[in-house]
Amino acid sequence: MRAHELAEPFPVVHLDDDAMAATRMLADEGLPGLVVVDDDGGPLVVLPGSQVLRFALPEYIEEDPRLAHLYAEDEADAFCKALAGKAVRELMPSKQYLPQRARDRPVVQADDTLVEVASVMSRQHSPVVAVVDPDDPNHVIGVVTLHRLLGAALQRS
Amino acid sequence: MTADTWQVVAAVAVFAGAYVAIATEWVPRVQAALVGAGLMLVIGASNGEAAFFSEDSGIDWNVIFLLLGMMIVVSVIKQTGLFEYLAVWAAKRARGRPYRVLVLLCVITAVASAALDNVTTVLLVAPVTLLVCDRIGVRPEAFLVAEALASNIGGTATLIGDPPNIIIASRGDLSFNDFLVNLAPVVVVLIGVFVLMSRWLFRASFTYDAQRAAAVMALDERRAITDPRLLTRSMVVLALILVFFSLHTALHVDPSVVALLGAGVLVLVSGLSSQEFLEDVEWETLVFFAGLFIMVGALVNIGVIEYLGEQAVDAVGGRYLLAGTGLLFGSAVVSGVVDNIPYVATMSPLVDDLVSSGDGSTQASSLWWALALGADLGGNATAIGASANVVVTGIAARNGYPISFWQFTRYGLIVTAVTVSLCWPYLWLRYFVLA
């Protein structure tokens with residue numbers, strides 16, 4: 001089985017899209033993460049849901065998780081308001097952590113095998129990888145999710 | 001140990017090279033210290049026995065294990081949520097008024113720095129400060145800078161408050177009470193002066209918004225304490241450690257032994273995993289100290305320190321006020337530019353010679369306090385002068401509030417100039433006029 005056979009349609013977001021809208025899409029459509037594309041339309045990085053969550057929380061709660069206990073219930077419920085007015089670009093890992101080489105991006109070719117897809121997913125710690133046309137790396141055919149990959153692999157095992 | 005001339009030259013060159021590498025941060029300080037220590041062994045300026053077993057020219061295990069013990073104690077106390085509780089309690093007591101919040105946070109930081117150590121204290125206080133500032137609608141930079149400055153001032157008061165004090169205590173055979181009696185009084189005055197200065201220094205950051213201030217009152221500080229039993233046990237053990245530190249003269253138990261026993265008891269009663277109670281042990285710092293001690297010990301071994309000590313004794317010639325003045329201001333200047341730990345490690349054997357030459361007189365002993373005050377308070381001068389400053393600017397940057405070197409330094413220089421200057425009349429009056 002090849003990657004394009006597992007690929008399913010998946011929305012992509014651009015760097016300048018509204019972060020709140022992108023997060024809402026993540027929640028409404030039950031997506032495991034966001035595929036962020038660069039200005040040329042090529043997949044740049046996959047932000048897993050947990051990463052998006054990280055950006056909704058203030059950094060100081062990352063520094064000291066005990067501070068999360070201090071919030072009253074109504075304020076705790078509204079923690080996503082920190083995303084208001086921010087672009088997806090602002091949720092991105094800082095430049096030094098962005099993939100510098102093509103092989104570090106969560107991308108597979110349409111004709112890659114399941115092991116190749118699993119290898120990229122595992123190496124990138126990403127629950128989603130983008131599947132691109134081998135002749136046009138900026139054309140995203142779809143994505144392979146961890147759920148779909150494991151389902152296919154277990155069926156053959 | 002008798003040394004050949006080439007060994008002396010080589011040892012001094014290795015020491016100077018390592019010192020420059022540490023000061024300029026060309027390489028991580030732990031690497032510089034370890035390479036320097038290794039080279040000292042290679043050239044024969046030190047050997048295995050001297051480096052690992054000699055009290056005078058080897059690793060000072062009292063310092064290493066005192067630091068290790070206190071780091072474990074702090075790791076456990078950190079789990080209790082005490083600092084989060086205190087900071088939010090302070091912000092609520094201040095009714096969200098920015099200056100009052102800053103004063104209370106600085107006082108808490110200073111006291112905690114004296115009882116634990118200043119680096120850990122700012123690590124614990126800074127995140128909750130960001131939360132409080134977020135609530136009261138003020139930018140946090142001034143609050144974080146003020147806390148770093150307060151932690152360095154507060155840490156000066158005790159033997160365990162600042163790493164240079166631990167080195168001075170070990171080398172000068174000074175007790176916990178010696179530090180309390182000689183340094184705490186002036187530190188209390190300095191903290192008072194500092195919080196008054198802060199009203200002017202950070203005045204641009206005190207914009208009061210009644211509506212935002214009300215938001216801080218919605219925080220529930222009691223929820224920070226997730227394990228009251230652990231808090232109670234930790235406070236009892238910390239109190240016992242401090243009591244045993246202060247009973248050193250009567251019980252003759254070294255502070256390192258007290259800290260290790262206290263850490264052991266706390267580990268037993270806390271029920272925490274080794275990963276949790278070792279979380280805040282800064283292994284790099286401990287290895288850095290070990291390398292540093294071997295390097296300085298090598299200079300002792302080959303007679304360089306003895307030679308410099310004789311020169312210093314001749315130059316001072318009983319003029320201890322002049323020597324103290326030079327030590328106080330000179331240490332402040334040097335510590336503002338380079339890490340105060342290697343500076344104090346190097347200066348301590350020299351000061352020891354000077355104090356010994358005064359036959360234990362009060363005037364001669366005052367040189368220890370001049371060194372401690374100058375080195376500890378001098379660390380406030382620049383953003384890289386003390387570890388607490390580096391920690392705070394790092395946390396600020398990660399949270400989107402970068403504090404530039406000069407932004408920190410323009411406050412630090414003023415505070416250092418005022419606090420160090422105030423120490424001089426204290427030393428003069430206490431050890432020369434009223435002694």
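Mentor: Buried residues make up 53% of the 435 residues in chain B. A residue is buried if 20 or more other C-beta atoms, placed from the backbone, lie within 10 Å of its own; 12 or fewer is exposed, and in between is partly exposed. This is a predicted model: local features need pLDDT of at least 70, side-chain atom pairs count only at pLDDT 80 or more, and totals for chains, interfaces and linings use all residues. Residues are numbered from 1 along each chain as its sequence is written, and chains are lettered from A and ligands numbered from 1 in the order in which they are written.

Trainee: What is the mean pLDDT of chain B?

Mentor: The mean is 90, and 100% of the residues of chain B reach 70 or more. pLDDT is the predictor's confidence in each residue, from 0 to 100. For the complex, the predictor gives an ipTM of 0.71 and a pTM of 0.81.

Trainee: How many helices and strands in chain B?

Mentor: Chain B has 22 helices and zero strands. These are DSSP runs numbered from the N terminus: helices are H or I with at least four residues, strands are E with at least two.

Trainee: New topic. Which residues touch the most other members of the largest nonpolar core?

Mentor: That core has 154 residues, and B:Met40, B:Val73 and B:Ala87 are among those touching the most other members. α7(B) gives the most to this core, with 12 residues. A nonpolar core is a set of buried Ala, Val, Leu, Ile, Met, Phe, Trp, Tyr and Cys residues joined through C-beta atoms within 7 Å.

Trainee: And what does B:Ala87 touch?

Mentor: Leaving out residues up to four places away in sequence, its contacts include B:Leu105, B:Val125 and B:Val132. Contact means C-beta atoms, placed from the backbone, within 7 Å.

Trainee: Is B:Ile294 buried or exposed?

Mentor: B:Ile294 is buried, because 26 other C-beta atoms lie within 10 Å. B:Ile294 sits in helix α16 (residues 283–301) of chain B. Beyond four places in sequence, its contacts include B:Met40 and B:Ala51.

Trainee: Now the interface. How many residues come from each chain?

Mentor: Chain B gives 18 residues and chain A gives 11. On the chain B side, α5 (82–93), α7 (118–136) and α21 (387–398) each supply two or more. α7(B) gives the most there, with five residues.

Note on methods
Two residues are in contact if their C-beta atoms, placed from the backbone, lie within 7 Å.
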